[in-house]
Amino acid sequence: MRASIQNAFLKIEVEDFGAVLSSIKSQKTGHEFLWQGNPAIWNGQSPILFPIIGKLLNDRCVIGGKTYEIIRHGLARHRAFQCVEQTDDKLVFLQKENEDTLLHYPYRYELYITFSLDGNRLTVTHTVKNTNDCTMYFSLGAHPAFNCAVGDKLVFEKPETLISERIDHDSVITGEKDLILENSDTLTITEHLFDKDALIFEGVQSKSVTLNCEESRTKVHFTFGDVPFLAIWAKPNAPFVCIEPWHGINDSYEKVEDFSKKRGIETLPAGKSFSFCWSADFSEE
């Protein structure tokens, strides 16, 4: 099922399965800002990444001395959420663990995804609550895809020198790195930019990036704030780009044995909550 909210500027729709953002439309022109998930190219739109991001080596990890299998980008995107609150300008979705998730990830949790509209701005807040009586380890990230075209540009808040960590065909970090930007604020989306898969950056100095779309004459000003990792991805030569704030990262071939020691892992004491958000301001000329 879909839920929606709207104001004078935007209308958004969210699917309860995966709490997937499925539409961001201009009320003025009807322009669709969000990629519509063409299965011939990529059927995703805005998956929620939890409790892992990317890929575990051999899809396995060790938690509390026991081996668990967790699929790529985690469990949350493959399960339904419940819409627990809806107002004129806000939607709140909740997912909790069940018997099946506990077989793959042994922690109980409450995962809230909140969508709120304020003028031409959409804010999406991700909150995890640890409902266990022990410390919980997890990763959490976002993966929204915006319509664009080859030749459009991503302009960072400030000049950046960005080195991408590369992943192989199994989405495992190889150790190979590529210089993508050198003291520049502009990344042009080219036909071959994503030939080696996602660009994964650590330590980005900017807190936001603007997607400038020439043909549609639209802009998406995307604020990601303080995140350890930022990924930029699309299928090669595809008419969309994903801007992905990550609290966590793929495994590498230098895998540590215990999940609690994994690079980028978040640590959450019993009864506590962890939140991060992204926001996007949408404009048309």
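**Behind the labels**

Q: Why does His126 count as buried?
A: In this predicted model, the relative accessibility of His126 is 1%. Buried means under 20%, so His126 counts as buried.

Q: What is His126 in contact with, leaving aside its neighbours within four places in sequence?
A: Contact takes heavy atoms within 4.5 Å, and on that basis the partners of His126 include Ile48, Tyr112, Leu140, Phe274 and Trp278. His126 itself is found in strand S10, residues 121-130.

Q: Which residues do ring pairs link into a cluster?
A: Phe50, Tyr105, Tyr107, Tyr109, Phe138 and Phe274. Rings pair if their centres lie within 6.5 Å, and the structure holds 15 aromatic pairs. Phe274 also turns up among the contacts of His126.

Q: Why does the radius of gyration of the protein agree with a compact globule?
A: A compact globule with 285 residues would come out near 19 Å, and the protein has 18 Å, so the two agree. Along its principal axes, the C-alpha trace spans about 55 × 45 × 35 Å.

Q: How much of the protein is made up of buried residues?
A: With the cut-off of under 20% relative accessible area, buried residues make up 51% of the 285. The protein exposes about 12,700 Å², with 46% of that supplied by carbon and sulfur atoms.

Note on methods
Residues numbered from 1 in each chain as written. Predicted model: local features only at pLDDT ≥ 70, side-chain atom pairs only at ≥ 80, totals over all residues. Heavy atoms only, no water. Phe/Tyr/Trp six-rings, centres within 6.5 Å; stacked < 30°, edge-to-face > 60°. Rg over C-alpha atoms; globule rule 2.2 N^0.38 Å. Buried < 20%, exposed > 50% of the residue type's maximum accessible area, 1.4 Å probe, protein only. Areas by Shrake-Rupley, 256 points an atom, 1.4 Å probe, with all protein chains shown as cover. Helix = DSSP H or I, 4+ residues; strand = E, 2+ residues; numbered from the N terminus.
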